[in-house]
Amino acid sequence: MNRSGKTADTMEGSGLTISASSIKVNEATLDEDTLVFSITSQKLSNGMGVCVCRTYEDFEWLQQSLFAPDEPDLHGVIFPPLPAKLIMSPQSQINNKTLKQLGFLALGDCCRTYCEALELYLQQVALHPILSKNKALETLLTNTESPGKQRAKKGIFNRLSQVMEEKRKESHKDVDDFFQNERDNNSNMTALTKVTTERFLDVVLAEQRLSVASKHLSSSIQLWVNQEDSANAAFSKICLKTSKVFETIKRNFEKTAENNISTLGLGLDLQSRYQEAEKEMLFRRTCKLVELEAANKNTERAKANKKGIMEEVRNVLEKQFDGMSSMARQEVGRFHQSRVALLRTALVSWCEQQLNTATEIAALYSEHLEACQKLPEE
Amino acid sequence: MERKPPPFPDSEEQEAHSEKAEEESGDDDDDDDDDGGEDIFTGNGARTAPLVLNAQDLFSEEGSYPGVQEPSVDNQHASNGLRSDDDEQDLFAEARVELSLDRSSTKGIREVTRSSPSAPDISYKSSTSKMSFEKPEEEESNDKFELNIAVTHPEKVGDGMNAYMVYKVSTQTTLPMFKSRAFSVRRRFSDFLGLFEKLSEKHAQNGYIVPLPPEKSVVGMTKVKVGKEDTSSTEFVEKRRAALERYLHRVVSHQNLLQDPDVREFLEKDELPRAVSTQTLSGAGFLKMINKASDAVNKMTIKMNESDNWFEEKLQEVENEEQQLRKLHAVVDALVNHRKDLCGNTAVFAKSMAMLGNSEDNTALSRALSQLAEVEDKMEQLHQEQASNDFFIFAELLADYVRLLGGVRNCFDQRIKTWQRWQDAQSTLQKKREVEAKLLWANKPDKLQQAKDEITEWEAKVTQYERDFERICATVRKEVLRFEKEKSNDFKVHIIKYLESLLVSQQRLIKYWEAFLPEAKAIS
């Protein structure tokens with residue numbers, strides 16, 4: 001699941017003719033009310049470029065298509081999370097509801113962050129050993145026709161664990177320590193990551209407000225100096241310098257916020273959503289476990305004539321559960337590896353970018369300081 | 001308190017060196033304190049700024065706004081750097097005012113309006129010189145006399161609603177007019193207001209710009225009295241302490257005010273009589289008075305015929321500037337609040353990150369996340385300091401100048417009042433002359449003498465008031481120029497200080513990032 005996709009661009013018999021790392025969601029344009037995303041990628045065989053335009057519904061279609069209810073093993077897969085739909089108001093303003101729903105993905109110029117999230121999503125699907133073989137991905141990336149026209153089968157992605165009556169199953173004790181641990185950890189981490197992400201968002205929003213306020217101050221001063229026809233030239237000079245200083249301060253906050261959004265913000269957001277995806281998978285397995293245990297009980301209680309049927313049902317379920325569990329085990333291992341790698345990338349680029357910005361700003365402050373010190377003494 | 005200050009060492013030399021011919025005779029020598037027409041120090045010498053704040057970081061941990069310290073009464077001292085009396089050096093680190101003795105020629109403008117310690121009410125010399133405005137010549141600053149003032153150690157005295165804060169006012173000086181070289185007194189806020197009241201009574205009417213003290217604040221003080229030991233009351237006390245210090249700096253930077261015995265008394269005398277009539281004369285009260293006076297002046301039906309537009313234009317400038325500064329102050333205030341928000345958010349985020357790091361299984365990632373939490377914590381501190389800098393360097397600067405500009409406006413109003421008095425005297429004189437003429441015609445010799453006496457009296461007054469007016473015109477011009485220079489320098493000093501603090505912050509930030517990078521890279 002690493003972004004650079006250095007390994008396993010192509011899977012043995014994957015069926016995906018596209019290089020995962022070449023998938024790019026370039027930009028989003030507003031067509032009346034609908035956001036249209038332009039996706040480019042390259043063919044593995046000859047490096048030829050492909051470009052398609054897709055709407056959010058197409059992505060949804062892909063997500064639904066990946067899940068095949070009749071393949072029980074597939075239930076053990078941790079599905080790459082698709083971001084929620086981005087609703088753009090006519091003035092391209094971000095309203096509070098969108099901010100609440102999408103968090104970091106709602107920020108950034110021209111849906112840039114959101115496009116990156118979609119890009120990551122596609123790359124994760126393309127890198128998945130099993131999911132990449134699904135024809136739907138190929139279709140999405142290469143078909144001229146928009147696939148979303150085919151209404152997809154209703155998936156069962158919809159937050160099973162949120163449904164009230166299912167909720168009590170969540171705490172059902174596991175038969176396997178590995179999974180019990182994993183479930184507990186996941187529960188803990190999901191909550192913590194979510195909170196951390198939200199709080200980081202608050203930090204970024206405060207930085208943005210500071211950027212606006214600094215700009216306001218800078219312009220106010222400059223406006224004043226331009227209007228005044230003051231004989232006090234020295235004072236005017238100082239005010240202009242001050243205005244420039246606040247301009248730099250504004251730039252500092254602006255860039256810092258941008259860096260925060262595009263690296264750590266995005267990274268935390270992805271972590272959060274991925275943890276939710278793992279939670280979903282674990283819950284599916286738990287539900288299956290509950291089913292299996294119920295079947296066991298029924299089998300034991302069954303009267304002689306029904307016993308055979310019950311046993312068969314139970315055996316089917318057992319097979320499903322085992323298949324699911326072994327897939328799940330693999331997926332969990334893979335999940336932890338890649339989420340660490342993902343976070344590492346986010347943290348490293350975050351640090352590097354902030355370091356760059358900090359250095360650039362320090363140089364600007366130095367310049368200002370020199371200029372001010374050179375101002376003649378009255 | 002009539003003390004004749006020792007003569008300045010080179011007063012004879014100074015007179016000999018004076019380039020401009022003394023337009024007055026020996027009148028000036030009669031006055032004790034009149035040091036042969038010299039100023040004690042060069043206000044605007046070529047190399048000296050009237051107010052030089054020490055380059056040492058004004059907001060080092062010691063003297064700064066206690067952003068990250070636990071608020072408690074004890075730590076009010078800590079917030080001022082726990083300066084013990086042994087530490088007199090540090091005390092004045094931020095309080096240096098450089099004055100230099102001007103041994104060179106007199107300035108073009110004669111300083112006739114000098115306060116005299118021997119006379120409790122100031123009598124101003126009548127000057128026969130023409131009040132032409134000339135630029136002060138370049139002074140050579142030779143001897144530098146030092147005067148450092150610091151306001152520290154706010155202490156609460158008493159309990160409940162009768163409690164009040166007392167501040168330590170410490171002076172370190174080489175000026176001979178003081179009794180000793182280093183001394184300190186305890187003063188409360190109303191003492192400062194009392195000083196202002198006395199100074200403005202004496203000097204404002206002559207066109208001097210008298211610095212205004214900080215405002216009274218019922219809300220702020222009530223919290224302190226009640227003993228609420230939270231950050232807002234520590235903030236309030238620190239804000240007030242700093243403002244009082246700046247106020248004193250401004251007072252002593254003003255040549256004429258420094259020589260006022262009340263100032264000396266304020267700095268030196270152990271016990272001051274309690275200033276009671278300070279109700280109306282807090283900074284805000286005074287401003288209200290100024291505004292009322294302005295309104296009254298505006299309502300005067302006889303408008304002055306200005307021979308040159310300088311005064312009108314300047315007043316307009318001053319009024320515009322005052323408005324602008326108010327606006328800017330509001331914007332800076334908003335900035336300060338946003339920064340405080342950022343502080344709070346960063347702190348909360350750091351905590352979350354720490355918890356996340358703790359729960360993380362992967363060791364390297366866990367360590368990195370915990371490191372990250374620490375970095376964020378440090379950044380929060382940086383933000384905190386920056387917020388206090390925003391506040392103390394900018395917001396308070398702007399607030400000070402809004403008040404000062406009110407004082408400047410007052411000068412202009414005083415000038416108009418003086419003119420009005422002259423005009424009134426002239427019309428009274430005219431009436432007296434008419435009376436005399438009538439009496440002459442009616443031939444009533446006994447009343448005539450009285451009329452003649454009155455005419456003489458009023459002729460003298462007219463002359464006096466005319467001179468007063470000319471004098472105040474010159475003073476106001478000079479004061480405004482002095483003020484403008486001081487303002488430029490003041491702002492320049494502050495923006496430099498601000499930039500220096502920004503740069504320091506930024507460099508620390510860079511270090512934090514540099515330290516974090518290897519931790520992030522070490523994740524596997």
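## Where the chains meet

Across the interface of chain B and chain A, eleven residue pairs are in polar contact, both partners at pLDDT 80 or more. A polar contact is a pair of N or O atoms within 3.5 Å; within protein, one must be able to donate a hydrogen and the other to accept it, and residues adjacent in sequence count only if both atoms are side-chain atoms. Helices (H or I, at least four residues) and strands (E, at least two) are DSSP runs, numbered from the N terminus. Helix 13 of chain B brings the largest share, 23 residues. Sorted by class, the chain B side has 30 nonpolar, twelve polar and 14 charged residues.

This is a predicted model: local features need pLDDT of at least 70, side-chain atom pairs count only at pLDDT 80 or more, totals for chains, interfaces and linings use all residues, and side-chain values use heavy atoms, without hydrogens and water. Residues are numbered from 1 along each chain as its sequence is written, while chains are lettered from A and ligands numbered from 1 in the order in which they are written.

## Area and charge at the interface

Chain B puts 56 residues into the contact, and chain A puts in 62 (heavy atoms within 4.5 Å). The buried area between chain B and chain A is about 5,600 Å². That is the accessible area (1.4 Å probe) that the two parts lose on being put together, summed over both. Carbon and sulfur atoms give 73% of it. In chain B, Lys492(B), Leu499(B) and Trp513(B) lose the most area to chain A. Together they make up 11% of what the chain B side buries.

Two salt bridges cross this interface (a side-chain nitrogen of Lys or Arg within 4 Å of a carboxyl oxygen of Asp or Glu). The side chains of Arg339(A) and Glu360(B) form a salt bridge, with N and O at 2.7 Å.

## Thr345 in chain A

Thr345(A) sits in helix 8 of chain A, which covers residues 304-374. Its relative accessible area is 41%, so Thr345(A) is partly exposed. The scale runs as follows: buried is under 20% relative accessible area, exposed is over 50%, and partly exposed is in between (1.4 Å probe, protein chains only). The side chain of Thr345(A) reaches the backbone oxygen of Ala341(A) at 2.9 Å. Leu107(A) is 238 residues away along the chain, and its C-alpha atom is 20 Å from that of Thr345(A).

## A covered helix in chain A

Helix 4 of chain A spans residues 135-142. Six of its eight residues are buried. They are Ala136(A), Leu137(A), Glu138(A), Thr139(A), Leu140(A) and Leu141(A). Their cover includes strand 2 (34-42), strand 3 (49-55), helix 1 (56-66) and helix 3 (112-127) of chain A. At the start of helix 4, a side-chain oxygen of Asn134(A) comes to within 2.8 Å of the backbone nitrogen of Ala136(A).

## Chain B as a whole

Chain B holds 13 helices and four strands. Of its 524 residues, 56% are buried. Take the contacts in chain B with a separation of 6 or more: residues 24 or more positions apart account for 81% of them.

His153(B) is not a glycine, yet has a positive phi of about 45 degrees. His153(B) belongs to strand 2 of chain B, residues 141-157. With a relative accessible area of 12%, His153(B) is buried.

Methods: Ala, Val, Leu, Ile, Met, Phe, Trp, Tyr, Cys and Pro count as nonpolar, Asp, Glu, Lys and Arg as charged, and the others, Gly among them, as polar.
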